[in-house]
Amino acid sequence: MGFKPIAMKRPFGLPDFRTIHYLRNMNFSSKLLENAVAEFAKLPGVGQKTALRLVLHLLNRDKDDVEKFSAAISKLRNEIQFCKVCHNISDQPVCEICAAPKRDRSMICVVEDTRDVMAIENTSQYNGVYHVLGGLISPMDGIGPTDLEVDTLVERLNNDEVKEVIFALSATMEGDTTLFYLHKRLKHFNISISTIARGIAFGGELEYVDEITLGRSIATRVPYENSLSR
């Protein structure tokens, strides 16, 4: 199953009014320069001045370097795949983690996106496999359970090999809402359902947690039912 784009308030990649207003009031000497700055300004976390600085930096690089940069982005967009098992970003139909023979397939760690997989892998505390939801339930942003990879997770649990599902979602309102929904969907399976220990502050994003804290949270995970009573 392909990756489902996450619904957002503003279409992904579309600059807001302030960006458009700023660009219109900049005195560009070239339409090509203006168009390039406008594209870079669509990136998250990149302001207008940063976009201009990046574009001017590329203009000062060798032509071959810029072409390699452009080719890498184009190749990424056109050839990237999503693992048909866990939905992680991959170069192949099945990602390296799912294909690795030494991974413990009795444990599935449920995460929001690829960044969380990378964060957990960096702890070296987990040897199971993953399931990437592709987002979190957020009614305010128009994201419901059907927008996430929940059904494929349920399908994976029909395999008797799975013994435990670990919820490793950010400690936010959206994360807790998603946890509650997933628990309702999975509780009838004869498996252990746990969640990472809350050494992570409420409102914290998983990708920004240091590796030691995150590793200990994985190692000291607790049954999900226990977390509800706290």
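Start on helix α2 and select Lys 31 and Leu 32: both are exposed, on one side of the helix. The model on screen is a predicted one.

**Stop 1: helix α2**

Turn to the other side. Within α2, which spans residues 31-40, select Leu 33, Val 37 and Phe 40; these residues are buried. Now look down the helix axis. The buried residues of α2 fall within an arc of 60°, so they line one face of the helix.

What caps the N-terminal end of α2? Select Ser 30. A side-chain oxygen of Ser 30 sits 3.1 Å from the backbone nitrogen of Leu 32 and caps that end.

Next, show the side chains of Glu 39 and Lys 42. They meet in a salt bridge, with 3.0 Å from N to O. Glu 39 counts as partly exposed, at 46% relative accessibility. Lys 42 is also partly exposed, at 31%.

**Stop 2**

Select Arg 61 and Asp 65. The two form a salt bridge, and their closest N and O atoms are 3.4 Å apart. Asp 65 is partly exposed, with a relative accessible area of 27%. Arg 61 counts as partly exposed too, at 40% relative accessibility.

Move along to Ile 73, in helix α4 (residues 63-79). Ile 73 is partly exposed, at 46% relative accessibility. Together, Phe 69, Ile 73 and Leu 76 make a nonpolar surface patch of about 280 Å².

**Stop 3: the cysteines**

How many disulfides does a search of the whole structure find? The search finds zero. The sulfur of Cys 83 has its closest cysteine sulfur in Cys 95, 3.8 Å away, which is too far for a bond. The cut-off for a disulfide is 2.5 Å between sulfur atoms. Cys 95 is in no disulfide either: its nearest cysteine sulfur belongs to Cys 98, at 3.6 Å.

Are Cys 83 and Cys 95 buried or exposed? Cys 83 is buried, with a relative accessible area of 0%. Cys 95 is buried as well, at 3%.

**Stop 4: around helix α6**

Select Asp 113, in the loop between β3 (104-111) and α6 (114-121). Asp 113 is buried, with a relative accessible area of 15%. Show Arg 115 alongside. A polar contact of 2.7 Å joins the side chains of Asp 113 and Arg 115.

Now go to Glu 121 and Arg 103. Their side chains meet in a salt bridge of 2.9 Å, N to O. Glu 121 lies in helix α6, while Arg 103 lies in the loop between α5 (96-99) and β3, so the pair ties together parts that are 18 residues apart in sequence. Check the accessibility of each partner. Glu 121 counts as partly exposed, at 26% relative accessibility. Arg 103 is buried, with a relative accessible area of 14%.

**Last selection**

Methods. Residues numbered from 1 in each chain as written. Predicted model: local features only at pLDDT ≥ 70, side-chain atom pairs only at ≥ 80, totals over all residues. Heavy atoms only, no water. Helix = DSSP H or I, 4+ residues; strand = E, 2+ residues; numbered from the N terminus. Buried < 20%, exposed > 50% of the residue type's maximum accessible area, 1.4 Å probe, protein only. Polar contact = N/O pair within 3.5 Å; in protein donor to acceptor, adjacent residues only side chain to side chain. Arc of directions from axis to C-beta. Patch = residues over 30% accessible without salt bridge, like charges linked within 9 Å, V, L, I, M, F, W, Y side chains within 5 Å. Areas by Shrake-Rupley, 256 points an atom, 1.4 Å probe, with all protein chains shown as cover. Salt bridge = Lys/Arg side-chain N within 4 Å of Asp/Glu carboxyl O.
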